[in-house]
Amino acid sequence: MTRPADGQHGILVLSCQDAPGIVHAVSGLLVQEQCTIVESHQFDSLSSGMFYMRVEFKHVDGAPLDLPALRRSFEETAQRFGMSWRLADASERQRVLIMVSQYAHCLNDLLFRNSVGELNLDVVAIVSNHPTLKDTADFYGVPFHHIPVTRETKAEAEAALLDIVREERVELVVLARYMQILSDDLCRQLGGRAINIHHSMLPSFKGARPYHQAHARGVKFIGATAHYVTADLDEGPIIEQEMLRVDHSSSPEQLAARGREAETRALAHAVRWHTENRVIIHGNRTVVFE
């Protein structure tokens, strides 16, 4: 949920090789800067030897934080431990572009959650290869860009998309059931800042009519997977997976309806956690501090 107005909150997210003294160094610096910790999570991976941490903090008297000064103060600590890190304002709304084709459920869900304050996004554009959902964009007051895609025009369409990403200073691209495969080059350019929703648990039923395949196999769960986009199709780091029980009496249409429910939940969770700086990518895995 959106953070209540009780003073500016900062978020420090870091990862590095585990070593003694990391928590002490971070908390000591915050004390030195007259800050108090509001929320703290950490994870020490025994398999990789990596340490991950997310700390949310504010000034002890509720005064505004000087984040540039805090970044300068933290540099020495970060260098000493060889950290990958970022320091952000918890209230800052990330600029988000949503891509969609003709299925409306994920787009509707994200825009509705954002409108009631469950998400804290600045949705600056909706891009679609079909004009079908322009009315939805208009209802929420979001600019709609229809960029048709064919095999012959794919390169031009992706260039047009990147123009919007640059012009709107987009920080996150969300593929809300966008039914086109992105090129390897586009995936690289959007690395770490593009989230896709897949219509089942990964690995999955591949190809057309996945819910009919699931019905034919008598599945007992319907799932969805939200993951970062990479050049390896549907192989990017997984952020969230949602699973709902079904049984032999469910028709393919009922399975699809349950699937839409799982997709909206998984994608909303993934977008919220990413935009709240709760996700750290390490190789093909993620650490998610819910």
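Me: Which residues does L267 touch, not counting residues up to four places away in sequence?

Reply: Contact means heavy atoms within 4.5 Å. By that rule L267 touches C106, L110, V174, A176, I195, I197 and A226. This is a predicted model, in which local features need pLDDT of at least 70 and side-chain atom pairs count only at pLDDT 80 or more, while totals for chains, interfaces and linings use all residues. Residues are numbered from 1 along each chain as its sequence is written, and side-chain values use heavy atoms, with hydrogens and water left out.

Me: Which members of the largest nonpolar core touch the most other members?

Reply: A nonpolar core is a set of buried Ala, Val, Leu, Ile, Met, Phe, Trp, Tyr and Cys residues joined through side-chain atoms within 4.5 Å. Buried means under 20% relative accessible area, exposed over 50%, and partly exposed in between (1.4 Å probe, protein chains only). The largest core has 33 residues, and I98, L110, I126, V174 and L267 touch the most other members. Helix 8 gives the most to this core, seven residues. Helices (H or I, at least four residues) and strands (E, at least two) are DSSP runs, numbered from the N terminus. Apart from this core lies another, of 22 residues, including V124 and L175.

Me: How many aromatic pairs does a search of the whole structure find?

Reply: A pair of aromatic rings is described by the distance of the centres and the angle of the planes. Rings of Phe, Tyr and Trp (its six-membered ring) pair if their centres lie within 6.5 Å; planes under 30 degrees apart count as stacked, over 60 as edge-to-face and the rest as tilted. The search finds three pairs. In one of them, F74 and W85 have ring centres 4.9 Å apart and planes at 70°, so the pair is edge-to-face. F74 sits in helix 2 and W85 in strand 4, eleven residues apart. F74 is buried, at 3% relative accessible area, whereas W85 is partly exposed at 24%.

Me: What volume does the largest pocket have?

Reply: Rolling a probe the size of a water molecule over the atoms shows where empty space is left. On a 1 Å grid over the protein atoms alone, a pocket is an open set of points where a 1.4 Å probe fits, with protein on both sides within 12 Å along at least five of seven lines; lining residues have an atom within 4 Å of a point. A volume is the space filled by probe spheres set on the points. Here the volume is about 840 Å³. The pocket is lined by 35 residues, of which R177, Y178, M179, H198 and H199 lie nearest its centre. Helix 8 supplies the largest share of the lining, five residues.
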